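Please read this briefing beside the sequence and the 3D view, which are shown just below.

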Amino acid sequence: LVVGAPEGEANTRVFSYRYDPARPESRTARLVVDDALQRAAGRTDVASARDQTVTEPGARYIDFLVPGLIGMNLMVSSIFGVGFSVAQARMKKLLKLLSATPMRRSHYLASFTLSRLIFLAPEIALIIGIAWVLFGVEMRGSWVSLGAVTLLGALSFGALGLLVGARPVTIQGVSGLMNFVTLPMYMFSGVFFSTSRFPDFLQPFIKALPLTALNDALRAIINDGAALASQWPELLVLTIWGIVSFFVTLKIFRWQ
């Protein structure tokens, strides 16, 4: 916001404001500055006003951001961790050797997905701990509910990582597929800003993304203290993505 020097006589003073109306903070600044200048110029209010400030829990941007960061971290660590591991094992001919053993394909693929759970608790605890210490972000829901949602999210994205790594035989190939899968979720799943900013015709597609479901469930539990049962639509989306991805992987998985 840029305020120009007043023009005209003292009783006909005109202030000039230069600001971007597309930015809410610019419009707010314009109103605040104009009110201060009008009062300084001698304006008399016809009615008095009294402020009653209210701080809404979970209303800050950092409260919105932290669940999105948790969801994004689960997606990246699961898809990239599982997908790259499978592709590297295929490049090194390890999968070809394992295919000759009595081990079932489903057991081998499930072990990759379940291995991501080892790092789940430290990852989530680190993000929430830093947010609590540095920014005062509070956990208003149940820790059990949070654990259940993050567990389902990690399994779902782990299965999606298996699907991405089911066929590629090079690191470049699997890397390209990962970017193809994760880029829409980076953009549309509400990690850094609300999904409501997108047009209405995109909302069904956005709601169907697994990261959108995970972020919405995390925000409801962390910021609003929602019960786990109330998040059944989001949990259903994550479950469908996980089950479908795993069984499709069983059909198309290539050992060599």
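Predicted model: local features only at pLDDT ≥ 70, side-chain atom pairs only at ≥ 80, totals over all residues.

Residues are numbered from 1 along each chain as its sequence is written, and side-chain values use heavy atoms, with hydrogens and water left out.

**Nonpolar core**

- The largest nonpolar core has 38 residues, and those touching the most other members are Ile 70, Ile 79, Phe 157, Met 185 and Leu 214; such a core is a set of buried Ala, Val, Leu, Ile, Met, Phe, Trp, Tyr and Cys residues joined through side-chain atoms within 4.5 Å.
- At least two residues of this core come from each of α2, α5 (120–135), α6, α7 (171–188), α9 (210–224) and α10, where helices are DSSP runs of H or I with at least four residues, numbered from the N terminus.
- Helix α2 gives the most to this core, with ten residues.
- As a general matter, nonpolar side chains tend to be buried together in soluble globular proteins.

**Cavity and pocket**

- There is one cavity of 30 Å³ or more, a cavity being a set of points, on a 1 Å grid over the protein atoms alone, where a 1.4 Å probe fits but cannot get out.
- The largest cavity has a volume of about 40 Å³, a volume being the space filled by probe spheres set on the grid points, which are joined across faces, edges and corners.
- Val 66, Ile 70, Ile 128, Val 137, Glu 138, Met 139 and Ile 222 line the largest cavity, lining residues being those with an atom within 4 Å of a point.
- Six of these cavity-lining residues are nonpolar, none is polar and one is charged; here Ala, Val, Leu, Ile, Met, Phe, Trp, Tyr, Cys and Pro count as nonpolar, Asp, Glu, Lys and Arg as charged, and the others, Gly among them, as polar.
- The largest pocket has a volume of about 180 Å³, a pocket being an open set of grid points with protein on both sides within 12 Å along at least five of seven lines.
- Helices α4 (105–115), α6 (143–164) and α10 (232–252) each supply at least two residues of the lining of the largest pocket, and the largest share, five residues, comes from α10.
- Among the residues lining this pocket are Ala 110, Leu 152, Ser 156 and Phe 246, and by class the lining has eight nonpolar, four polar and no charged residues.

**Aromatic rings**

- The whole structure holds six aromatic pairs, counted when the ring centres of Phe, Tyr or Trp (its six-membered ring) lie within 6.5 Å, with planes under 30 degrees apart called stacked, over 60 edge-to-face and the rest tilted.
- Tyr 61 and Phe 64 form a stacked pair, 6.3 Å centre to centre with 25° between the planes, and these two residues are about one helical turn apart because they lie three residues apart in helix α2 (residues 61–91).
- Phe 80 and Phe 84 form a tilted pair, 5.9 Å centre to centre with 45° between the planes, and both lie in helix α2, four residues apart.
- One aromatic cluster is formed by Phe 188, Phe 193, Phe 198 and Phe 205.
- Arg 219 lies over the face of Phe 64, at 3.6 Å from the ring centre, the rule being that NZ of Lys or CZ of Arg is within 6 Å of the ring centre and within 35 degrees of the ring normal.

- Leu 74 lies in helix α2 and counts as buried at 1% relative accessibility, where buried means under 20% relative accessible area, exposed over 50% and partly exposed in between (1.4 Å probe, protein chains only).
- The C-alpha atoms of Leu 74 and Phe 119 are separated by 9.9 Å, although the two are 45 residues apart along the chain.
- Gly 173, in helix α7, is partly exposed at 29% relative accessibility, and its C-alpha atom is separated by 9.0 Å from that of Ala 87, 86 residues apart along the chain.
- Pro 233, in helix α10, is partly exposed with a relative accessible area of 32%.
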